[in-house]
Every structure is written in C-alpha cells, then in structure tokens.
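Open the structure in your viewer and keep the selection tool ready. Each stop below says what to pick and what is there.

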Amino acid sequence: MIVDHHGNLVRTGRATVNGTSLHYRTAGSGPAVVLLHGVPKTGYHWRHLVPKLTDQYTVVVPDLRGLGDSARPADGYDSATMSDDIAELMAHLGHASYSVVGEDWRAVIGYQLAARHRDHVNALVFCEALFPGFGFEDHTALTHENVSGGMHLWHLGFYFQPDVPEMLIAGHERELITYMIKYERSHPDTATADAVEEYVRCYSMPGGIRAMLAIYRAMLVDAEQNRQASQRKLDIPVLALGGSAFIGDRNETQMRLMAHDVTGHVFNAGHDLAEEVPDEVADVVLPFLAERL
C-alpha cells in the first residue's frame, strides 16, 4: 500500500506508450516528479518517499517496462527505449516538464531520459548506480578488491548467459530476491515482509524473470548509448546520492562525466536508499528540488 501525505491511497492507472503498457501510481499536486525504481524491485520501492513529496509535488511512480504490474514485451529493455517509455507516459499524463529521481538500473534510465528529452527534464536525482560503458563492467571481475569491498557484481555474468538463469531461478524467485535485497543493504531489516512479498509476487508472474534478465542482457547496448549521450553533458542540476557501504561517492564521480552541475551526498547506508534511510533521503532531495523548480 502506498499513500500520500494525507494517508490516502495513491491513484493507479495504465497507459499504452511506446509500444507497451505501463502501470503507474500518482498522487499529490504541484510540479511533477517521476520516481524510477531499480531491480529486483517495483514502484513499491518508493512507498516511504511518496508521502514526503506529495504535499508539494505531483508524484508519478511507474512500474518499468517488464517489471511490477506493467506489460512484459519481448524486447525494448535497453535504457534509451525504456527512457522513451517514461517520456511518453509523462506526456500522456500532461506533464510537459518534470524532475526525475532514479535508483539502481533505473538511475541510468533517468540519465537517458534527461539526455534524450532535454526540453522536458529540469533536474535529475541519480541514486546508487554504475554506468555501463564507464566502469560498471570492471566490477564484474573476480578480484580481491571487488570481493573484499562488497562490489563483486558476480550476478551480471550469470544473468547474461541465455536460458540457464531462467532454468535455475524458476521456483526460487523468493530466495533470489530476498538474498539480493538484503545482501546489498547496511540495514537488511528494512527489507520488510510486505516489500519482499510484493517483489516476489511481481517477479514470479509469467515473464517476470525473463524481463528482469533482459534488462541486464541489454547492458552492452546501454554502454554504447551512454558513451554517445555523454558527448553532450547535461545542463540541468544533478544530485548524485550514494550509500557508504555500496557505490558511495562513485555516483558523483560518474555523474561529473555526464553533467556540468553535480552535487553529491553519501548516506550511512547500502544500496537501497529510499527503503533504508527514507527520512535522510527526503531531507536532501526536498531542498534540492525546491531550489530548482
């Protein structure tokens, strides 16, 4: 259940955009802010942050292509295509300009959204993500530094192999999702039972794991898209947020390659900031948005 600042349930809907169907939630009033979740999560990831925004902003929380309760098409899982999904959704909802908050894989989609639709995006909050094409791949290597520092992304290579991950994960979605979201957090108890149930429900649906894997398998395409987009830096303000136990200040370092106006902040947390430290995130994000809208 996701509620606004009055405790009312957010509105839900579906929109046919960019050749697929997206499920979304929306609430509040004022300038628009779209929240983009990562993997293996859904829009439910933002449940703590939404009521902190809705008294000042119209908040849109989509389930990304293939994830949550959105449709699971056969293709289109590269970051540029998925960013175009969101651009069309926001246009469909009547928002000509908006800020973007993205986390994990969907922070990269948020970047592509800002790069591809520059006339519509006025600020970007980039949370806990590594850019394909700019060092992400380095963390898949079996090195002492990666393993001892908790940044050995072993699962990327596994997910890239066709068919085998589907075979091994089927029937074990709960075990995989619970492990991934708890292992990446400094505060594993914040992976609450309701969130785990929601994520398991969605990724256990027909095509759920296939769609998740398709996002990882598009990483080499994403890398080229990011290299091309980076040739023209973003002119909008960017807030780069990290967790000290995971990507940390590397979020800011990367974004300085992509944008002119970058501010960084690191929390005492792991990878899933909006679930681990939502109050602290709101304390940083709200002033950033207020200064730029």
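Start with helix H3. Its 12 residues reach 17 Å from the first C-alpha to the last, close to the 16 Å expected at 1.5 Å a residue. Keep in mind that this is a predicted model.

**Stop 1: helix H3 and Gln 112**

Colour the buried ones: Trp 105, Arg 106, Ala 107, Val 108, Ile 109, Gly 110, Tyr 111, Gln 112, Leu 113, Ala 114 and Ala 115.

Now select Gln 112, which belongs to H3 (residues 105-116). Is Gln 112 buried or exposed? With a relative accessible area of 2%, Gln 112 is buried, because the cut-off for that class is under 20%.

Which residues does Gln 112 touch, leaving out those up to four places away in sequence? They are Ser 79, Ala 80, Ser 83, Gln 225, Asn 226 and Ala 229. Zoom in on Gln 225. Its backbone oxygen lies 3.4 Å from a polar atom of the Gln 112 side chain.

For a sense of scale, draw a C-alpha to C-alpha distance from Gln 112 to Leu 241. The two are 17 Å apart in space and 129 residues apart in sequence.

**Stop 2: helix H2**

Three of those contacts lead to the next selection. Ser 79, Ala 80 and Ser 83 touch Gln 112, and they are among the buried residues of H2. Select H2, residues 79-92. This helix has 14 residues and reaches 20 Å from first C-alpha to last, close to the 20 Å expected at 1.5 Å a residue.

How many residues of H2 are buried? The count is 10 of 14, and the helix is mostly covered. Then step past the end of the helix. H2 is followed by Gly 94, which has a positive phi, near 90°.

**Stop 3: salt bridges**

Side chains of opposite charge can pair when their charged atoms come close. The count here comes to 16 salt bridges. Visit three of them.

Pick Arg 47 and Asp 194. Their closest N and O atoms are 3.7 Å apart, in a salt bridge. Arg 47 sits in the loop between strand E3 (32-36) and helix H1 (50-53), while Asp 194 is in helix H8 (residues 193-203), so the pair ties together parts that are 147 residues apart in sequence. Arg 47 is buried, at 6% relative accessible area. Asp 194 is partly exposed, at 38%.

Next, pick Asp 279 and Lys 52. This salt bridge has its closest N and O atoms 2.7 Å apart. The pair links distant parts of the chain: Asp 279 is in helix H13 (residues 278-292) and Lys 52 in helix H1, 227 residues apart. Both ends are partly exposed, Asp 279 at 45% relative accessible area and Lys 52 at 28%.

Then pick Asp 272 and Arg 185. Their side chains meet in a salt bridge at 2.9 Å, N to O. Asp 272 is in the loop between strand E8 (259-267) and helix H12 (273-276), and Arg 185 is in the loop between H7 and H8, so the pair ties together parts 87 residues apart in sequence. Asp 272 is buried, with a relative accessible area of 0%. Arg 185 also counts as buried, at 6%.

**Stop 4: a surface patch**

Trp 154, Tyr 179 and Tyr 183 make a nonpolar patch of about 330 Å². Select Tyr 183, in helix H7 (residues 173-183). Tyr 183 counts as partly exposed, at 45% relative accessibility.

**Stop 5: His 23**

Finish in strand E2 (residues 20-28), where His 23 lies. His 23 is buried, with a relative accessible area of 9%. Show its contacts, leaving aside neighbours within four places in sequence: Thr 12, Gly 13, Arg 14, Val 61, Pro 62, Asp 63, Asp 69 and Ser 70.

Note on methods. Residues numbered from 1 in each chain as written. Predicted model: local features only at pLDDT ≥ 70, side-chain atom pairs only at ≥ 80, totals over all residues. Heavy atoms only, no water. Helix = DSSP H or I, 4+ residues; strand = E, 2+ residues; numbered from the N terminus. Buried < 20%, exposed > 50% of the residue type's maximum accessible area, 1.4 Å probe, protein only. Contact = heavy atoms within 4.5 Å. Polar contact = N/O pair within 3.5 Å; in protein donor to acceptor, adjacent residues only side chain to side chain. Patch = residues over 30% accessible without salt bridge, like charges linked within 9 Å, V, L, I, M, F, W, Y side chains within 5 Å. Areas by Shrake-Rupley, 256 points an atom, 1.4 Å probe, with all protein chains shown as cover. Salt bridge = Lys/Arg side-chain N within 4 Å of Asp/Glu carboxyl O. Expected span 1.5 Å × (residues − 1).
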